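Colleague: Can you take me through this one? I would like to start with the fold and then look at the contacts.

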Amino acid sequence: MKILVCISKAPDTTAKIAFTDGDTKFDENGVQFIVNPYDEWYALVRGLELKEANGGSVTVLSVGRVDTDPIIRKALAIGADDAVRIDADTNDALYVAKQIANYAKENGYELVLCGKETIDYNGSQVAGMVAELMEVPYVSLTSKLDVAGSTATIERDVEGGVELIEANLPIVISSSKGMAEARIPNMRGIMAARSKPLTVVAPIEASNATSVKNFSLPAAKTGCKYVDADNVQELVNLLHNEAKAI
Amino acid sequence: MSVLIYADSNNGSLTKNALEAASYGAQVAQAKGGNAVAVVVGTANNIEQLGNYGVTKVLHVSDTTLDKFDPQKIAHVMATAAKQEGSETIIFAHDYSGKSIAPRLSAKLDAGLVTGAIALPNGNIIKKAVFSGKAFAEVEVNTSTQIISVLPNSVDKVETGGTAEVVALALELPSTGIKVKETKKESTELSLTEADIVVSAGRGLKGPENWGMVEDLAKELGAATACSRPVADIGWRPHHEHVGQTGIAIRPNLYFAIGISGAIQHLAGVNGSKVIVVINTDAEAPFFKAADYGIVGDAFEVVPKLLAAIKELKA
């Protein structure tokens, strides 16, 4: 089975969020970039597990500029066989999806794995768009995935429970918690990653369907109102009369 | 020119998120001088109630094959309805269903999509939360058709008292390679993303056997229960209760954090809550900086007292 895992570069979960250029750009100064957690912990690791069980290959794909290479090498260190970087700026989900769908179709991938969303733009968009462009099924928020022959068996999170789904390959999956356990690359993996192939390809022609005009930060809380632990009644009064929340 | 809304249903009833999306769509339609038209698929009861949120027409695709969720088929329905109604604005809820359908429709129509909107659009510019709630972005849609999904609990529903005409929409559905075999609801409890009040607890509770008081408090308040990541990871609580950056993001009216220190990743998933109450033994817990009300104290003493005081209030 040919497996394609789409990964994205994201700021570390503890990164300070600030903006530059008149609040139009994310301030990357001093920010450490990581593989987007859902892409790495779940999509990539489950892809590797399926390859280990059924044979085949795992390719990681990222759309981005040369500063994306370190996170691609990390994915190779965790165990992907080879990597592709589509050399383009990533400002719009539909643009990115067109790049991925075109590559996946041309190269006959049967299973395309993505994370459920990136932790920067929180779009939850690219995977579903790729599926539509490839004209194949899409299952979002997948918490379990197995493949036997050309059939995938899937559990998907829904409100308060799970949906059990059967689908034909090829398929696009967005991965959520529960699909796999994160793996830490070992020294051998890190050494091997240096010599694994990373192919850089040019993007296809497409335009941006959306663009970010500006960013802002939420207003800081005005301060916590403390209530004495011996006077819990007062908290209930405040929640009822002041906050009108109960 | 009409605004088209996807109104999702669950076991034959419209969801709260569907009514929010309908109200949002109706407000957009009013601003643009058009009508709000909702689409409902499969078996669904009492769909006329959408009129009360400003929808003037409901297109109902009653084909029961759509009772089994299939985003590929529903995207086809939405594309057909958008063409029929000449809709250039299409609204979803940013929930489990919307996240599956809206991206497909965006690619199908080559239309810009903004997910998780937290306010009504300003022309083609839509505000949404980014960086897991740590910031906001204003996003411009550059295509003539725009698709917006609305973050649950972020835009008030407006009741208009109107009525909606229900019209059957018959169309041929594409065959797809996907089949829902079964839906397993793990609980009949209130769903976390729709709850107005959420009671959440963390490692400060010391063990899963101590959750009784959390559940009692939630029950008294008509609230959903949630937990921090470490608690889900060690198996004290089910994973679907985990709120935070890598769990579920929620924005209830009222959020109780009991014995949760408030790591930045946890705050990212809950800081859209309107009122935050923190109960923690550690006065230095970072969560107090994000709180509206705080009690420095032992949860095992504070929570039972809180429960008693709330019972008294409700009595």
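Modeller: Helices here are DSSP runs of H or I with at least four residues, and strands are E runs of at least two, numbered from the N terminus. The model is a predicted one.

Colleague: How many helices and strands are there in chain B, then?

Modeller: Chain B has seven helices and 17 strands.

Colleague: What radius of gyration does chain B have, and what would a compact globule have?

Modeller: Chain B comes out at 21 Å. A compact globule of 315 residues would be near 20 Å, so the two agree. Along the principal axes, the C-alpha atoms of chain B fill a box of roughly 60 × 40 × 40 Å.

Colleague: What does the domain assignment of chain B give?

Modeller: Domain 1 covers 3-168 and domain 2 covers 197-314. Their centres, taken over C-alpha atoms, are 32 Å apart. Nine residues from domain 1 of chain B and nine residues from domain 2 of chain B make up the contact.

Colleague: How much area do domain 1 and domain 2 of chain B bury between them?

Modeller: About 660 Å², with 42% of it on carbon and sulfur atoms. On the domain 1 side, B:S132, B:K134 and B:N153 lose the most area to domain 2 of chain B, together 62% of what that side buries.

Colleague: Changing topic: how many residues of chain B are in contact with chain A?

Modeller: 87 residues of chain B, against 75 residues of chain A. The two chains bury about 6900 Å² between them, 57% of it on carbon and sulfur atoms.

Colleague: Which residues of chain B lose the most area to chain A?

Modeller: B:Y96, B:F131 and B:Y293, which together account for 12% of what that side buries.

Colleague: And how many salt bridges between chain B and chain A?

Modeller: Seven. One salt bridge joins B:K108 to A:E132, with the closest N and O atoms 3.1 Å apart. Chain B and chain A also have 41 residue pairs in polar contact.

Colleague: Which helix gives the most to the side of chain B that touches chain A?

Modeller: Helix α3 of chain B, residues 96-109, with nine residues. By class, that side of chain B divides into 39 nonpolar, 26 polar and 22 charged residues.

Key. Residues are numbered from 1 along each chain as its sequence is written. Chains are lettered from A and ligands numbered from 1 in the order in which they are written. This is a predicted model: local features need pLDDT of at least 70, side-chain atom pairs count only at pLDDT 80 or more; totals for chains, interfaces and linings use all residues. Side-chain values use heavy atoms; hydrogens and water are left out. Domain bounds come from an automatic or database domain assignment. Contact means heavy atoms within 4.5 Å. Buried area is the accessible area (1.4 Å probe) that two parts lose on being put together, summed over both. The radius of gyration is taken over C-alpha atoms; the globule rule is 2.2 Å times the number of residues to the power 0.38. A salt bridge is a side-chain nitrogen of Lys or Arg within 4 Å of a carboxyl oxygen of Asp or Glu. A polar contact is a pair of N or O atoms within 3.5 Å; within protein, one must be able to donate a hydrogen and the other to accept it, and residues adjacent in sequence count only if both atoms are side-chain atoms. Ala, Val, Leu, Ile, Met, Phe, Trp, Tyr, Cys and Pro count as nonpolar, Asp, Glu, Lys and Arg as charged, and the others, Gly among them, as polar.
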